[in-house]
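Welcome! Have the sequence and the 3D view ready, and try each exercise before reading its solution.

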Amino acid sequence: MLFPEASRARIGPERHAADLEESGIVRAAEFSRRRTKLERRGIVACWTDTHAHLDADAFRGDLPAVLERARAAGVSRIVCAATSVESAGATMAILGEHGRRGAPEVYGTAGIHAHDCATFGPDSLGRIEEALAGDRFVAVGETGMDFFRDYAPRDLQEAAFRAQAELAARLDIPLIVHCRAAEDAVYRVLAAVVDSRSRRIRGVMHCFASTPAWAEKFRGLGLHISFSAIITYPKSGSVREAAAAVDADGLLIETDCPYLPPQSARGKRNEPALLPETGAKLAEIRGWSVDETAARTSANAAALFGF
Ligand SMILES: [Zn+2]
Ligand SMILES: [Zn+2]
């Protein structure tokens with residue numbers, strides 16, 4: 001069994017790494033290294049927020065407090081998803097400022113969002129690749145297609161997405177995919193990249209909001225499926241069905257903050273500290289304990305991103 005009950009029971013089912021640190025069982029200096037080992041053995045449960053926009057204006061005034069609340073809530077790792085070259089630069093600054101202070105560890109991505117793809121030009125891929133050479137940058141993205149908002153012409157969205165998907169495949173690093181009302185087009189682009197390389201791609205279908213059938217199709221291309229607080233909303237039955245159906249090794253969770261707060265905080269700013277509410281809902285859907293849900297989704301994230 002991947003997460004043995006006996007090992008977890010030694011420390012207690014609701015114990016998080018942050019508690020261990022606070023109680024002095026694990027010294028802060030050793031925290032990160034020890035935590036990774038404990039997580040791998042399933043002894044402590046920490047959450048990994050695989051998609052957060054910490055560079056958003058909404059966090060400009062109080063990011064240290066936001067990160068402290070995340071730590072206290074047991075969120076040990078956060079992937080800060082960039083949406084433009086400028087946003088990747090802002091992410092790099094956040095990593096420099098906050099990425100090395102113990103929990104939570106912050107990682108970054110570099111890419112151009114469908115909404116921003118009017119800024120995608122001849123030098124964009126080079127600038128993304130430059131950012132990816134930075135310490136703690138773990139993925140290309142977020143990129144993808146959004147036919148719900150349609151902020152940019154669809155042919156531009158597709159060209160920018162395809163180029164970034166090919167870049168991720170060439171560099172063999174994960175791709176963070178945004179897909180809204182554009183499943184067919186996104187699938188077509190990704191399937192072509194898979195065909196051209198004769199192997200599956202690595203990455204995340206982030207903030208999954210579609211059907212179980214689409215989850216299976218994207219999983220078949222090699223993508224992990226990441227669920228947000230949408231699964232806590234009363235009307236999201238088919239998204240919950242997808243969360244129940246995806247194989248355990250393909251599951252991730254995220255906040256997509258400052259957007260999409262969980263049901264208990266609708267209308268407010270979302271932040272990583274609210275991730276456990278989504279995690280608890282996923283636990284209920286899967287019939288797992290909360291600790292097992294944290295451990296499994298964090299282990300999946302660590303395997304994908306190479307934390
Ligand atoms: Zn997105
Ligand atoms: Zn996003």
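Two exercises follow, after a short note on the model.

This is a predicted model, where local features need pLDDT of at least 70, side-chain atom pairs count only at pLDDT 80 or more, and totals for chains, interfaces and linings use all residues. Residues are numbered from 1 along each chain as its sequence is written, and chains are lettered from A and ligands numbered from 1 in the order in which they are written.

**Exercise 1.** Find the order of the strands in the open sheet and its edge strands.

*Solution.*
- Begin with the inventory: the protein has 12 helices and eight strands (DSSP runs of H or I with at least four residues, and of E with at least two, numbered from the N terminus).
- Next, follow the open sheet, whose eight strands pair in parallel in the order S1-S2-S3-S4-S5-S6-S7-S8 (strands pair if DSSP finds at least two bridges between them).
- Then look at the edges: strand S1 (47-52) and strand S8 (251-253) each pair on one side only.
- Finally, zoom in on S2 (residues 75-80) and S3 (residues 105-110), which are joined by four bridges; Cys80 has Gly108 in S3 as its bridge partner.

**Exercise 2.** Describe how helices H8 and H9 cross.

*Solution.*
- Start with the axes of H8 (residues 183-197) and H9 (residues 212-221), which come within 10 Å and cross at roughly 20 degrees (axes are lines fitted to C-alpha atoms over the stretch in contact, with angles from 0 to 180 degrees between N-to-C directions).
- H8 is therefore roughly parallel to H9 (angles under 35 degrees count as roughly parallel).

Key
Parallel < 35°, antiparallel > 145°, perpendicular 65-115°, else oblique.
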